[in-house]
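Biologist: Hi, I'm new to this one. Could you walk me through it?
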Amino acid sequence: MSIERQALDGGHTDGERKPLPFTLVVFGASGDLTRRKLVPALYSMDRRGLLPEQFAMVGVARRPLGDEAFRNGLREGLHQFSEVGAGTRWDRLDHQVSYFQGDYQDAASFEALKRQLDELSKEKGLGGNRLYYLATPPEAYAVIAEQLGKAGMGGDWTGGWSRIIVEKPFGRDLTTAQDLNRRLQAVFSEDQIFRIDHYLGKETVQNILVFRLANGIFEPLWNRQYVDHVQISIAEHIGLEGRGLYYEEAGALRDMVQNHVIQLLSLVAMEPPASFGADSVRDEKVKLLRAIRPYSSKDVLRSVVRGQYGAGTVDGQLVPGYREESGVAPDSQTETFVAMKVLIDNWRWAGVPFYVRTGKRLPRRSTEVVVAFRPAPHSAFRNTVTTGLDANELILRIQPDEGIGLRFGTKIPGPTIRIQDAEMQFSYGTFGGKQPEAYERLLLDAALGDSTLFTRRDEVEAAWALTTPILEAWGRVDSADGPAGGAVGNRDVPLPVYPAGSWGPAEVDRLLAADGHAWRNL
Ligand SMILES: NC(=O)c1ccc[n+]([C@@H]2O[C@H](COP(=O)([O-])OP(=O)(O)OC[C@H]3O[C@@H](n4cnc5c(N)ncnc54)[C@H](OP(=O)(O)O)[C@@H]3O)[C@@H](O)[C@H]2O)c1
């Protein structure tokens with residue numbers, strides 16, 4: 001293991017990173033997330049030897065399921081969602097899993113859950129350590145935390161350690177996020193709360209900081225003197241996948257920008273932290289978020305583009321438009337695409353635009369960061385023949401084809417000076433083996449009490465402070481009657497339709513063309 005990797009891991013090697021015995025208590029355990037992500041992650045951790053011998057998982061949900069039916073559902077999920085399926089190793093884990101039927105509104109359920117967890121802990125030697133995972137609809141998050149507190153299972157539990165993981169979405173806007181933070185912190189202290197953004201669990205996202213800070217050659221260039229602009233794209237080719245009701249309420253800004261896009265932006269633009277401790281890293285991210293120029297409602301018109309997909313062709317298949325999807329209103333105003341120009345008012349980035357975009361039903365699934373450098377100060381070769389010569393670019397490919405590319409001009413062999421763009425490629429595939437899934441890394445860190453890759457209270461609120469004015473200008477915040485006198489209102493902000501399978505509405509190209517730039521093809 002390299003020194004850089006050890007630093008990110010807080011000094012542990014993979015072999016040392018094994019948590020103490022604990023119980024994972026999953027609320028919403030009969031749902032999609034548990035089957036699709038959590039259990040495959042646990043299984044993979046177990047296969048890698050990252051779960052302690054003394055481990056138990058208790059799934060909590062309302063529907064009547066016995067232990068057997070619950071385990072069978074998880075086993076089926078493993079066959080469907082885990083690359084390795086449920087092999088013999090699952091037999092061990094299978095015996096550690098049980099089901100508790102309970103109602104989140106009912107205090108008696110939590111008393112009974114407490115008794116069951118206490119018994120289990122004694123029986124299996126789990127040391128009273130508990131990791132709660134909130135995988136329910138978000139309305140239940142605060143209620144569950146409060147019920148845990150009332151039953152003596154909150155942050156002041158003295159029988160062992162106690163931590164709580166909270167899934168996204170974390171609030172709908174700044175006010176609801178603040179309210180959720182207040183209610184969670186009434187029961188758990190900040191260092192016991194783990195707000196998940198699974199992007200931070202991705203190897204290639206963590207590598208952004210390693211790449212910047214462990215290599216002496218790039219960090220000196222990472223500023224307004226050498227960087228012309230930055231592009232961050234998270235493109236999805238899928239549509240709603242049966243989640244129309246959820247997406248109608250969320251939209252692309254809440255679903256992707258407030259969390260994943262802003263996390264990528266923070267890691268690319270933040271100042272180097274003094275160490276990789278949880279607070280050092282998150283202090284710098286918060287400082288960066290606070291340096292981003294806020295959007296007035298007029299800025300929303302100028303610097304933010306939204307769109308909604310219409311019918312079109314993706315992967316050779318005809319697909320319906322957003323408004324024809326199940327669970328979506330025929331006159332829906334929900335955006336499925338957002339692009340924004342972001343300006344950072346600090347010493348390092350003054351005047352350097354960051355362009356971000358994310359959308360559904362785009363031509364392909366791709367997440368990447370492009371750092372475009374300023375051209376050479378003097379073109380000694382201006383009278384030579386050049387083909388396709390662009391600015392130097394550093395491309396951090398987050399997914400798929402994880403890797404890094406560097407584009408530069410090079411001489412085409414021959415008797416005259418002819419210059420052409422070339423790209424040097426590094427692929428994560430060269431490490432061999434399968435990269436750990438994001439949820440695997442995050443579950444492990446939470447079990448170890450390491451919150452570096454989780455979002456802190458002030459961080460989540462800073463991200464909402466930035467995005468809520470955009471929702472207000474679009475009329476998509478429940479509490480707002482619309483923006484204050486004279487400001488831009490929803491009717492003024494266009495919601496252009498783009499054909500599924502295209503790169504978004506034409507306005508998105510104009511956003512960059514106004515500055516003399518163009519989106520890089522993904
Ligand atoms: N699925 C994903 O890939 C994914 C990805 C990122 C984030 N998330 C987030 O994770 C959470 C769970 O997502 P999911 O896809 O697993 O949802 P889901 O399939 O609808 O499952 C929700 C779970 O919560 C329980 N539940 C439903 N309504 C409830 C209510 N009113 N009060 C209490 N419990 C209730 C359900 O079981 P019972 O009805 O049996 O109680 C079920 O176990 C959501 O907040 C979602 O935004 C999901």
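Biologist: Which helix gives the most to the shell around the ligand?
Modeller: Helix 2, residues 32–47, with four residues. Helices here are DSSP runs of H or I with at least four residues, strands are E runs of at least two, and both are numbered from the N terminus. Keep in mind that this is a predicted model: local features need pLDDT of at least 70, side-chain atom pairs count only at pLDDT 80 or more, and totals for chains, interfaces and linings use all residues. Residues are numbered from 1 along each chain as its sequence is written.

Biologist: How many residues surround the ligand?
Modeller: 20 residues do, and the closest are Gly28, Gly31, Leu33, Arg62 and Arg63.

Biologist: New topic: which helix packs with helix 2 at about 75 degrees?
Modeller: Helix 12, residues 438–448, and the two axes are 8 Å apart. Axes are lines fitted to C-alpha atoms over the stretch in contact, with angles from 0 to 180 degrees between N-to-C directions. Helix 2 is therefore roughly perpendicular to helix 12, a label for angles of 65 to 115 degrees.

Biologist: Which residues make that contact?
Modeller: From helix 2 they are Lys37, Leu38, Ala41, Leu42, Ser44 and Met45, and helix 12 brings Tyr439, Glu440, Leu443 and Leu444. Contact takes C-beta atoms, placed from the backbone, within 7 Å.

Biologist: And what are the domains?
Modeller: The domain assignment, which is automatic or from a database, gives domain 1 (3–170) and domain 2 (201–373 + 436–513). Their contact takes 22 residues from domain 1 and 19 residues from domain 2. Helix 2 gives the most to the domain 1 side, with seven residues.

Key
A residue is near a molecule or strand if its C-beta atom, placed from the backbone, lies within 6 Å of it. Two residues are in contact if their C-beta atoms, placed from the backbone, lie within 7 Å. Angles under 35 degrees count as roughly parallel, over 145 as roughly antiparallel, 65 to 115 as roughly perpendicular and the rest as oblique.
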